[in-house]
Amino acid sequence: MNTLRKKIKNITLIKYFSSIKITVVCLFLLFVLTFWGTVAQVDQGLYAAQQRYFFSWYFLSLGFLPFPGARLILWVLFVNLVCVSITRFVYKKSHVGIILIHVGLLSYFISAFVTFHVTEESNLMLVEGHGSNVSSSYFNWELSAWENNEPAKRNVTAIDVNALRHDQSVPFLNARLNLQEYYANAKAFGVAMVSESTPPINASGIGFLRGVETEREPEKNFPGIIFELQYGTDRSQKVLLFGGESQPTPVSIGEKVYYFQLRRKRHVLPFTLVLDDFKMTKHPGTEIAKSYESYVTIVHDN
């Protein structure tokens, strides 16, 4: 074992990446990025600052100077820590504390990698006494449709709007869907302002959409979509949906009526969360919230 470790320690690349200088430089750069990204949130918003400073491999400072992002720095720090574990550690009982600290750091890097690439943030809004097993995405949207409009009996078919392309026709329910217009953030206008003789189908009286600049915080964007449903041999219908609508749009496809809605992407949870009680404590003499408390019951569906 010791012979194998000596051979590995002599590998030039491993010796180079086990340098303590790399550790110090990475920690200093992370300090700079943390301060820089925190200040940038004031003008750019939380989401944009995260994408630019913390989720990127690099970004351009002053418009032309490449600067490493936190994603690249953390990868270098992870490799550095692994190489240090191979070349510098003395695995004895007297050093168990240092070993546990570094094992914990390695576990942190691995869990952060899994979290970044596998998880998706969503939220679940509840009223006291009610429960749900479906959460909604903050940023992503889906085109959904169902046949029965009773909430408890809906069998929903949904497609991620990011998967739709203008040059593709995709099967959806008993028809084919052709995307005509999509806006990541849009404003909706009434039918009275439409010059077309037959405006798109919409339950809220919306006649057309106009794309606007996206907000700094993606959760504030309300997208809009116009698509054509083709069914039968030569029959088609044009449908308009807006993310700010509260009611679905009924569309007849053959002899069936489906309800279409553009909504935040839903995630089905393996349990039901019931909100038993919600408490908000305010700072004395003010209306400013001091703390929030939620008492919930987790009901396993199986």
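Good morning. Trp75, Phe78, Tyr108, Phe109 and Phe113 form one aromatic cluster; rings of Phe, Tyr and Trp (its six-membered ring) pair if their centres lie within 6.5 Å, with planes under 30 degrees apart counted as stacked, over 60 as edge-to-face and the rest as tilted.

The model is predicted, so local features need pLDDT of at least 70 and side-chain atom pairs pLDDT 80 or more, while totals for chains, interfaces and linings use all residues. Residues are numbered from 1 along each chain as its sequence is written, and side-chain values use heavy atoms, leaving out hydrogens and water.

The structure holds 16 aromatic pairs. One of them is edge-to-face, because the ring centres of Tyr53 and Phe59 are 5.0 Å apart and their planes stand at 70 degrees. Buried means under 20% relative accessible area, exposed over 50%, and partly exposed in between (1.4 Å probe, protein chains only). Tyr53 is buried at 3%, and Phe59 is buried at 5%.

Phe278 and Tyr292 form a stacked pair, 6.1 Å centre to centre with 25 degrees between the planes. Phe278 is partly exposed, at 38% relative accessible area, whereas Tyr292 is exposed, at 56%.

I close with a ring that faces a charge. Where does the charged end of Arg264 sit? The charged end lies over the ring of Phe222, 5.8 Å from its centre; the criterion is NZ of Lys or CZ of Arg within 6 Å of the ring centre and within 35 degrees of the ring normal.
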